[in-house]
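Thanks, everyone, for making the time this morning.

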Amino acid sequence: MDKVSVRQIIEDLKLDIVYMPEDVDYYVTSSDVNRPGLQYAGFFDYFSHDRIQIVGMGEYQYFQYLDEKTRWERLNKLFSYDIPALVLTRGLKPNDDAVECAKKHKKIFLSTKMNTTRFINKLSNYLDAKLAPSTTIHGVLVDVYGIGTLIMGESGVGKSETALELVKRGHRLVADDAVEIRKIDEDVLIGQAPELIRYLMEIRGVGILDIKSLFGVGAIKPKKYIDMVIHLEPWEDGKYYDRLGIDEEYMDILGIPVEKITIPVKPGRNMAMIIEVAARNYRQKAMGYNAAQEFNSKLMQRLGDDR
């Protein structure tokens, strides 16, 4: 999503409306906010007018010291810009001239009882989530031992069946079939299910399963950071598959490289158990121990000693 309606922000954050023009809506395109203290002082160079304007106690008290003419001039200029909205925090009483100026320029004027710092944090986190780059990927996302595991592969390879077995083993389903992924930081991806299919799973021959109803709330999770990708593919005789785990492979998701493990599928292989071990191994490597590299180092040392 590249923009958020101010009306949606009002509803989601439960803000109070001081003035709302009926025939106009504004949109926010940046998660940053601006406190217009400099603008109240008359300095409008480099004014970040595309951000939501937050007025706290400092700006509010300074404004009271200005004479009526200066207040009106500053407010008139502030509201003449295309600001998405102005929010008065701490339950402060809106000034009559500020309300009048908002009406004149048809700008949204809001208030909240939250203190300024808390509201800015809440609003910034909300906008970060809403405005984050996103994509939808065909696959299954499962929380395995705390590791966000995105299971991918062609249709019919057994992704959902493997995820169902993982749920039976005590792990938690996040999304089946379609995974909505958002980039919430430079190196952080978070996934969740589309609302329509949340906590549902499709198993061929059985149909749609409600995992929450069948296994309880402990078997589901609304969202999860994505740590690794498991790619399932049908076993091909003669094809090379990594047997040591030294060569690491990555998949690019929204510009972030995510560790990828390709696991060949064939009758007799327990995919759920293999993914459990892969998750444990991922966590072990994150803690600083890599069994494959340790084995390779010992092997190289032994070969060197034998020369």
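Predicted model: local features only at pLDDT ≥ 70, side-chain atom pairs only at ≥ 80, totals over all residues.

Let me begin with α7 and α9, which are roughly perpendicular to each other, a label that covers angles of 65 to 115 degrees, where under 35 counts as roughly parallel, over 145 as roughly antiparallel and the rest as oblique. The axes of α7, residues 159–168, and α9, residues 271–286, come within 8 Å and cross at roughly 70°; axes here are lines fitted to C-alpha atoms, for helices over the stretch in contact, and angles run from 0 to 180 degrees between N-to-C directions. Helices are DSSP runs of H or I with at least four residues, strands are runs of E with at least two, and both are numbered from the N terminus.

Residues are numbered from 1 along each chain as its sequence is written, and side-chain values use heavy atoms, with hydrogens and water left out.

Returning to the pair, α7 passes α9 in a right-handed crossing, meaning that the near helix is turned clockwise from the far one by less than a right angle, with anticlockwise being left-handed. On the α7 side the contact (heavy atoms within 4.5 Å) involves Thr162, Glu165 and Leu166, and on the α9 side Met271, Ala272, Ile275 and Glu276.

A second pair is α4, residues 68–80, with α5, residues 96–105, whose axes lie 9 Å apart at an angle of about 35°. Their crossing is right-handed, and among the residues in contact are Trp72, Leu75 and Phe79 of α4 and Ala98, Cys101 and His105 of α5.

Stepping back, the protein is divided into domain 1 (4–131) and domain 2 (134–297), with bounds from an automatic or database domain assignment, and 44 Å separate their centres, taken over C-alpha atoms. An unreviewed UniProt entry places "domain: HPr(Ser) kinase/phosphorylase N-terminal" at residues 4–127. Over that range the chain is 45% helix and 16% strand, with the end C-alpha atoms 8 Å apart.

How values were computed
UniProt positions renumbered as here; feature names shortened; annotations may be inferred.
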